[in-house]
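Here are some notes on the pocket and the aromatic contacts, for you to read next to the coordinates. Have a look at the model first.

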Amino acid sequence: MANIIKNPKASEIAAMKPGEMVSAESTAERFVQLFNKVHGTEKGANIYEQERFHFMKLIQEKNDLQQCDTISLYGCFLDTAVDGLSLDPSRKLTYIIPENVNVGTKDSPKLIKRARRVISPYGELALRQKYGQIKYADDPVIVYAGDKFSPGTDATGKKFVSYEAKIPNDSNEIIGGFIRIVRVDGSVDFYWMTNRDIVRLKGYSERKNRGTANALYSSSSTGSIDPGFFA
């Protein structure tokens with residue numbers, strides 16, 4: 001393999017179907033080169049075969065992704081080589097989602113589907129552990145109405161959370177949540193969210209989706225945000 005491998009021309013990628021693109025020799029070579037260079041390893045060829053399998057399965061199962069332009073899918077696939085986060089759905093590290101993009105004008109819109117790769121909170125955690133930013137993080141704790149929940153900081157600026165679950169709890173309403181993080185040096189940090197944060201994020205979702213927030217911001221079982229989505 002040459003030391004320098006150029007990306008194939010955009011016109012060549014655009015002319016391919018997603019399955020052809022991910023299996024093309026130029027794509028395989030570029031993926032392997034990127035993975036080995038970024039991660040300092042020679043495992044790129046094996047990782048390529050694994051991720052090609054996950055990518056193809058994803059494309060085959062989701063019609064919306066089949067309609068995305070191949071260039072955006074190419075970018076998503078190579079992003080996997082750069083950050084090393086697998087597309088394996090069982091690991092829930094990263095996702096590829098389709099988006100409608102206007103490539104025309106406001107008066108004469110022309111919508112096409114493009115793919116965008118999204119790193120999940122589990123993926124973010126994996127990256128922070130990989131780069132030595134944190135040692136680990138506990139599972140999120142969801143706080144329901146009736147629980148005792150008091151987050152804050154002490155005189156030195158150190159964060160703390162005082163929490164006591166109400167047992168039995170007669171409410172499914174989610175009012176917040178928190179996560180305990182252990183840094184590499186053994187010190188502890190906390191990150192928390194309250195109803196105010198949930199409302200803010202719901203508003204962001206509404207603006208992004210033209211007035212309709214993600215349906216998981218409302219759950220029939222809790223009367224508030226879906227607990228799995230919130231976690």
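1. A cut-off before we start: a residue is called buried under 20% relative accessible area, exposed over 50%, and partly exposed in between. Keep in mind that this is a predicted model. By that cut-off Tyr217 is buried, because its relative accessible area is 13%.

2. Who is Tyr217's partner? The ring of Tyr217 pairs with that of Phe229. Their centres are 5.1 Å apart and the planes stand at 85°, so this one is edge-to-face. Tyr217 sits in the loop between helix H8 (195-208) and helix H9 (227-230), while Phe229 belongs to helix H9, so the contact ties together parts twelve residues apart in sequence. Phe229 has 33% relative accessibility and therefore counts as partly exposed.

3. How many aromatic pairs does the structure hold? There are eight. Another of them joins Tyr163 and Phe178, again edge-to-face, at 5.4 Å centre to centre with 65° between the planes. This pair links distant parts of the chain: Tyr163 is in strand S6 (residues 159-164) and Phe178 in strand S7 (residues 174-182), 15 residues apart. Tyr163, at 29%, falls in the partly exposed class.

4. Lys159 lies over the face of Trp192, at 5.9 Å from the ring centre.

5. Now the second largest pocket. Its space comes to about 200 Å³, and 16 residues line it. Which of them lie nearest its centre? Those are Gly84, Leu85, Ser86, Arg91 and Leu93.

6. Where does the lining come from? H4 gives the most, with four.

Technical notes:
Residues numbered from 1 in each chain as written. Predicted model: local features only at pLDDT ≥ 70, side-chain atom pairs only at ≥ 80, totals over all residues. Heavy atoms only, no water. 1 Å grid on protein atoms, 1.4 Å probe; cavity = no way out; pocket = protein on both sides within 12 Å on 5 of 7 lines; lining within 4 Å. Points joined across faces, edges and corners; volume = space filled by probe spheres on them. Helix = DSSP H or I, 4+ residues; strand = E, 2+ residues; numbered from the N terminus. Phe/Tyr/Trp six-rings, centres within 6.5 Å; stacked < 30°, edge-to-face > 60°. Buried < 20%, exposed > 50% of the residue type's maximum accessible area, 1.4 Å probe, protein only. Lys NZ or Arg CZ within 6 Å of the ring centre and 35° of its normal.
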